[in-house]
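Subject: Structure handover

Hello,

Here is the structure we talked about, handed over for your use. Please open it alongside this message; my notes follow below.

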Amino acid sequence: MIQLNNLQKEYKGKLVLDIPSLTLEKGELLGLVGNNGAGKTTLLSLVLDLIQPSQGEVLSNGIGVAMSEHWKVYTAAYLDENFLITHLTPMEYLRFVGRLHDLNKADVEAFLEREKGFMAEDLLYGTTMIRDLSKGNKVKVGILSVLLSSPALLVLDEPYVNLDPSSQAWLVKRLKKANEEGTTVLLSSHDLNHVAKLSTRIVLLEEGKVVEDMQTDDHLLDRLEQYFNV
Ligand SMILES: Nc1ncnc2c1ncn2[C@@H]1O[C@H](COP(=O)(O)OP(=O)(O)OP(=O)(O)O)[C@@H](O)[C@H]1O
């Protein structure tokens, strides 16, 4: 679904990402892990055409993401709160995103009924603007907004940060369900437990390079903990 070819990103002459070749297959749930500064957000930003590569290309279903907008129809992403429209209330924002995907008010309400329990209803349906929500609740709005369209490809950057433990557990199950229902997922996380529980494949980045590309098995968490010395 996603193919990285000779992908490099430099900042001020320093190479921060260098991936000769990497393929995300349809149906995978790929967890991207690595220490601070390893290049995870850079990789996700290149996949979403938010930044330009210094060399190489990202193909989505065979077409360069920088060459066409075709991939925006089937891709949903939440990297940070810049993805939100913060002067809207959560419902106004979710209805706006819904309209982009031909979903009406009733569709959005039916969706939220199915996702009950993730976000407190007084905030979800209330009059507080997104910019006045706590960090965790902003993340929840972002996550709901990407799940709303049942995207073929879902890209998330450290979605567990700022979520309380029960919301983290909810998200693990929900992402698994989305993946089982056909969504290909690419996510980064520092949370080894969640990533190991969730992912069908884990890619470990170190100083911008892929140093491990592992399929999930029973020993995956042990291997990750060994690498990170925890
Ligand atoms: N706009 C920028 N200008 C200069 N350097 C940048 C810029 N964006 C990222 N970098 C550098 O690129 C490298 C990779 O950063 P990136 O944010 O992709 O890492 P990360 O793996 O997501 O880290 P973290 O786990 O801390 O979020 C870092 O050395 C970072 O300082």
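Is L204 buried or exposed? L204 is buried, because 20 other C-beta atoms lie within 10 Å of its own. The cut-offs are these: a residue is buried if 20 or more other C-beta atoms lie within 10 Å of its own, exposed if 12 or fewer, and partly exposed in between, with C-beta atoms placed from the backbone.

Before the rest, two notes on the source. This is a predicted model, in which local features need pLDDT of at least 70 and side-chain atom pairs count only at pLDDT 80 or more, while totals for chains, interfaces and linings use all residues. Residues are numbered from 1 along each chain as its sequence is written.

Surroundings of L204

L204 sits in strand β9 (residues 201-206). Helices (H or I, at least four residues) and strands (E, at least two) are DSSP runs, numbered from the N terminus. Leaving out residues up to four places away in sequence, L204 touches V33, G34, V211, E212 and Y227; contact means that the C-beta atoms, placed from the backbone, lie within 7 Å. L204 and G31 are 173 residues apart in sequence, but their C-alpha atoms are 8.4 Å apart in space.

The six-stranded sheet

β9 belongs to an open sheet of six strands in the order β6-β7-β8-β3-β9-β10, with mixed pairing. Two strands pair if DSSP finds at least two bridges between them. The edges are β6 (75-78) and β10 (209-215), each of which pairs on one side only. On average, neighbouring strands of this sheet are turned by 15° against each other, direction ignored. Axes here are lines fitted to C-alpha atoms, for helices over the stretch in contact, and angles run from 0 to 180 degrees between N-to-C directions.

Strand β3 (residues 29-33) pairs with two of these strands. With β8 (residues 184-188), β3 runs parallel over four bridges; L29 has V185 as its bridge partner, and L32 stands opposite S188. With β9, β3 also runs parallel, again over four bridges, and there V33 is opposite L204. Five of the five residues of β3 are buried, so the strand is largely enclosed by the rest of the structure. Both of its faces are covered: L29, G31 and V33 lie on one side, L30 and L32 on the other.

The four-stranded sheet

A second open sheet has four strands in the order β2-β1-β4-β5, with antiparallel pairing. Its edge strands are β2 (14-24) and β5 (63-64), each pairing on one side only. β1 (residues 2-11) and β4 (residues 55-60) are antiparallel and joined by five bridges; N5 stands opposite E57, and Q8 is partnered by Q55. Two bridges join β4 to β5, also antiparallel, with S60 opposite I63.

Helix α1

Which strands does α1 touch in the four-stranded sheet? Helix α1 (residues 40-47) packs on that sheet and touches β1, β2 and β4, its direction making about 120° with that of β1. α1 also lies across β3, β7 (153-157), β8 and β9, where it runs at about 145° to β8.

The ligand

The residues around the ligand are Y11, V16, G34, N36, G37, A38, G39, K40, T41 and T42; a residue counts here if its C-beta atom, placed from the backbone, lies within 6 Å. The largest share of this shell, three residues, comes from α1. By class, the shell has three nonpolar, six polar and one charged residues. Ala, Val, Leu, Ile, Met, Phe, Trp, Tyr, Cys and Pro count as nonpolar, Asp, Glu, Lys and Arg as charged, and the others, Gly among them, as polar.

Backbone points to check by eye

Most residues other than glycine have a negative phi. D49, not a glycine, has a positive phi of about 60°. D49 is in the loop between α1 and β4 and is partly exposed, with 19 other C-beta atoms within 10 Å. N229 is not a glycine either, and has a positive phi of about 60°. N229 lies in the segment after α8 (220-228) and counts as exposed, because it has 5 C-beta neighbours inside 10 Å. In the hairpin of β4 and β5, with two residues between the strands, N61 takes a positive phi near 50°.

Regards

Definitions and conventions
Contact = placed C-beta atoms within 7 Å.
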